[in-house]
Amino acid sequence: QVQLVESGGGLVQAGGSQRLSCAASGRTGRAYYMGWFRQAPGKEREFVAAVTWDYNSYYADSAKGRFTISRDNAKNTVLLEMNSLKPEDTALYYCAAGGQDIRYTRPNYWGQGTQVTVSS
């Protein structure tokens, strides 16, 4: 099993920045892909960004140019730097991990989620 714990959510004004962090523990070797999903009220959970063990990164169109994902394998952490935030970025953000491409395959492991609220 892999345990994921998110931190860093909160309230931010539109145009501002927020950093989310996810710490992994347990059988972290199973977390070849790590990344972030989000779910806004009344909407389905959607992919935001992912990074592989060897640092290849992928982004949803909504995140490109504004969000940056990074990974520290020594510390078993993944960060999501979010800039130029918009009210539509408001959502519960989940850290996720798995052995297969989490863009297309449901992640094996999920965190509990951290709320990001962007005020206009």
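The model is predicted; local features need pLDDT of at least 70, side-chain atom pairs count only at pLDDT 80 or more, and totals for chains, interfaces and linings use all residues. Residues are numbered from 1 along each chain as its sequence is written, and side-chain values use heavy atoms, with hydrogens and water left out.

A disulfide is a covalent bond between the sulfur atoms of two cysteines. Here the term is applied to a pair of cysteine sulfur atoms within 2.5 Å, and searching the whole structure gives 1 disulfide. It joins cysteine 22 to cysteine 95, with 2.0 Å between the sulfur atoms. The angle about the S-S bond is -85°, and the link of cysteine 22 and cysteine 95 is left-handed. Because cysteine 22 belongs to strand S3 (residues 18-26) and cysteine 95 to strand S9 (residues 91-98), the pair ties together parts that are 73 residues apart in sequence. Strands are DSSP runs of E, at least two residues long, numbered from the N terminus. Cysteine 22 and cysteine 95 are both buried; buried means under 20% relative accessible area, exposed over 50%, and partly exposed in between, with a 1.4 Å probe and protein chains only.

The aromatic rings come next. Rings of Phe, Tyr and Trp (its six-membered ring) pair if their centres lie within 6.5 Å; planes under 30 degrees apart count as stacked, over 60 as edge-to-face and the rest as tilted. The count is 4 aromatic pairs. In one of them, the ring centres of phenylalanine 37 and tryptophan 110 are 5.1 Å apart and the planes lie at 65°, so this pair is edge-to-face. It links distant parts of the chain, with phenylalanine 37 in strand S4 (residues 33-39) and tryptophan 110 in strand S10 (residues 109-110), 73 residues apart. Phenylalanine 37 is buried at 8% relative accessibility, whereas tryptophan 110 is partly exposed at 21%.

Tryptophan 110 also pairs with tyrosine 94: the centres are 6.2 Å apart and the planes at 90°, so this pair is edge-to-face. Tyrosine 94 in strand S9 and tryptophan 110 in strand S10 are 16 residues apart. Tyrosine 94 has a relative accessible area of 11% and is buried. Through ring pairs, Phe37, Phe47, Tyr94 and Trp110 are linked into a cluster.

Two arginines complete the picture. A charge sits over a ring if NZ of Lys or CZ of Arg is within 6 Å of the ring centre and within 35 degrees of the ring normal. The charged end of arginine 45 sits over the ring of tryptophan 110, 4.5 Å from its centre. For arginine 103, the charged end sits over the ring of tyrosine 58, 3.7 Å from its centre.

Definitions and conventions. Helices (H or I, at least four residues) and strands (E, at least two) are DSSP runs, numbered from the N terminus.
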